[in-house]
Amino acid sequence: MDAGLDQAQSLYPFILTEEQEALRREIRSFAAREIAPHVMEWDEASVFPLTVTKKLGAMGLLGIIFPPELGGVGLSYVDYVLAIEELSAVDGSIGIIVASHNSLGTNHIFLFGNEEQKNKYVPRLASGEWLAAWALTEPGSGSDASSARTTAVKKGDRYVLNGTKTFITNGHYADVTVVIAVTDKSKGTHGLSAFIVEKGTKGFRPGKKENKLGLRASDTSELIFEDCEIPEENLLGAEGEGFVDAMRVLDGGRISIAALALGIGRGALDAALAYVKERRQFGKAIAEFQGIQWKLADMATELDAARLLTQRAAVLKDAGRKVTRESSMAKLFAGEVAVSICNDAVQLFGGYGFIKDYPAEKYYRDVKLCTIGEGTSEIQRLVIARQLLGKP
Ligand SMILES: Cc1cc2nc3c(=O)[nH]c(=O)nc-3n(C[C@H](O)[C@H](O)[C@H](O)COP(=O)(O)OP(=O)(O)OC[C@H]3O[C@@H](n4cnc5c(N)ncnc54)[C@H](O)[C@@H]3O)c2cc1C
């Protein structure tokens, strides 16, 4: 490699390091072999790809951002974005499973857990032996997450959890779930705390498994807590700081949802590019029409702009900077343009864009989550505006 590019990691997406090229090749060949042949079958039957998640664990992708001493592979957020994009270009469901596991559930324990908690949970999660979920949303509180009603009441050396979480990614399959619950209602955003709840804990069970528009191979479930007792050592971070910590976790999580959008958008663009060269109307390939070319040019330009914003957030995150504004900008822009790109892809496929034998319709369905999950586009605008106006 060019000596001037030794530190080239931060130059992605302009130039990939040899390691990044190798990572991309490895994920592309894995996705082509193990994911692509099953995408529609899993989508139609809403099959959670448990065998694939185990293999992703063996490849290190379930511990990609965690240090080797805790069983991870110690790669950067820049590499993580690349990995999520590659997986999501083939199947967004795999992208969201990996993203939620890494940047929400496991990362909350990694960032805010004490040494004992980190040593107990992160190695098993990073290796893929265990899968993580992260439960903030409730039926009555989504955007306004601090109005959660799930309670955690201290009784002796235990906390007793009661309430319902909704729309939780990996909910049915997670071995470990980080749950945000109210410990002192009078303290507002400083009255919520985070807890680690293990699968099989008495009083804790997954409820309704959602039947979704897209990302149908990922699991989105209700979680029910009925007098669920957990030991006090499962309090994660300081009591009362669970919501504030959760917002920090989302700063990183939103980068991975931007990467999910990049992947789905790129998958749709690649599919459209191949199709317009093959499809002939008026005696020539439709790629010959200027109207089609302009659409393709706009799609590619928007996607690259989204990738730049996403990589900026990732580079700053790797540098240890606060990325609240940058991750929200990346997530907002990438989510919105990816929806538009997938819409254009369906249009370029014409009637075949509406038919399940062709790939465009699935990208179109899957991508919509990117303007909703981990804070809607409207909430990203609120976060960005607050940062601009210097509000807390
Ligand atoms: C597939 C999927 C996976 C998910 N995974 C998880 C997960 O793993 N963990 C988890 O905790 N949650 C998860 N969620 C929940 C997700 O984060 C929420 O759905 C999202 O934050 C929106 O909340 P809501 O659905 O209650 O919508 P609401 O908050 O009810 O919003 C409804 C509409 O009102 C708008 N709105 C609300 N407030 C304002 C405002 N102040 N100004 C302007 N507009 C506003 C919203 O933007 C939206 O358009 C998931 C959701 C889905 C669909």
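This is a predicted model: local features need pLDDT of at least 70, side-chain atom pairs count only at pLDDT 80 or more; totals for chains, interfaces and linings use all residues.
Visitor: What about Leu-136?
Guide: Backbone again: a polar backbone atom of Leu-136 is 2.9 Å from a ligand oxygen atom.

Visitor: How many residues are around the ligand, and which come nearest?
Guide: There are 17. Thr-137, Ser-143, Phe-167, Thr-376 and Glu-378 come nearest.

Visitor: On to helix packing. At what angle do helix 5 and helix 7 cross?
Guide: Roughly 155 degrees. Helix 5 covers residues 92-112 and helix 7 covers 242-278. Their axes come within 9 Å.

Visitor: Parallel or antiparallel?
Guide: Roughly antiparallel, because angles over 145 degrees count that way.

Visitor: Left-handed or right-handed?
Guide: The crossing of helix 5 and helix 7 is right-handed.

Visitor: Which residues make that contact?
Guide: From helix 5, they include Gly-92, Gly-95, Ile-96 and Ala-99. Among those from helix 7 are Gly-242, Ala-246, Gly-252, Gly-253 and Ser-256.

Visitor: How do the contact residues of helix 5 with helix 7 divide?
Guide: Into 10 nonpolar, 8 polar and 2 charged.

Visitor: What angle does helix 7 make with helix 8?
Guide: Roughly 155 degrees, and the axes come within 10 Å. Helix 8 is residues 290-318. That makes helix 7 roughly antiparallel to helix 8 as well.

Visitor: Which handedness there, left or right?
Guide: Left-handed for helix 7 and helix 8. Helix 7 brings residues including Gly-252, Ile-255, Ala-258 and Leu-262. Helix 8 brings, among them, Ile-292, Leu-296, Met-299 and Ala-300.

Visitor: How many nonpolar residues in the contact of helix 7 with helix 8?
Guide: There are 16 nonpolar ones, with 3 polar and 3 charged.

Visitor: Now helix 9 and helix 11. Where are they, and how do they cross?
Guide: Helix 9 is residues 324-348 and helix 11 is 377-388. The axes cross at roughly 145 degrees and come within 9 Å. The crossing is left-handed.

Visitor: Which residues meet?
Guide: On helix 9, Thr-324, Arg-325, Ser-328, Met-329, Lys-331, Leu-332 and Glu-336. On helix 11, Ser-377, Gln-380, Arg-381, Val-383, Ile-384, Gln-387 and Leu-388.

Visitor: And by class?
Guide: The contact of helix 9 with helix 11 has 5 nonpolar, 5 polar and 4 charged residues.

How values were computed:
Residues are numbered from 1 along each chain as its sequence is written. Side-chain values use heavy atoms; hydrogens and water are left out. Axes are lines fitted to C-alpha atoms, for helices over the stretch in contact, and angles run from 0 to 180 degrees between N-to-C directions. Helices (H or I, at least four residues) and strands (E, at least two) are DSSP runs, numbered from the N terminus. Angles under 35 degrees count as roughly parallel, over 145 as roughly antiparallel, 65 to 115 as roughly perpendicular and the rest as oblique. A crossing is left-handed if the near helix is turned anticlockwise from the far one by less than a right angle, and right-handed if clockwise. Contact means heavy atoms within 4.5 Å. Ala, Val, Leu, Ile, Met, Phe, Trp, Tyr, Cys and Pro count as nonpolar, Asp, Glu, Lys and Arg as charged, and the others, Gly among them, as polar. A residue is near a molecule or strand if one of its heavy atoms lies within 4 Å of it. A polar contact is a pair of N or O atoms within 3.5 Å; within protein, one must be able to donate a hydrogen and the other to accept it, and residues adjacent in sequence count only if both atoms are side-chain atoms.
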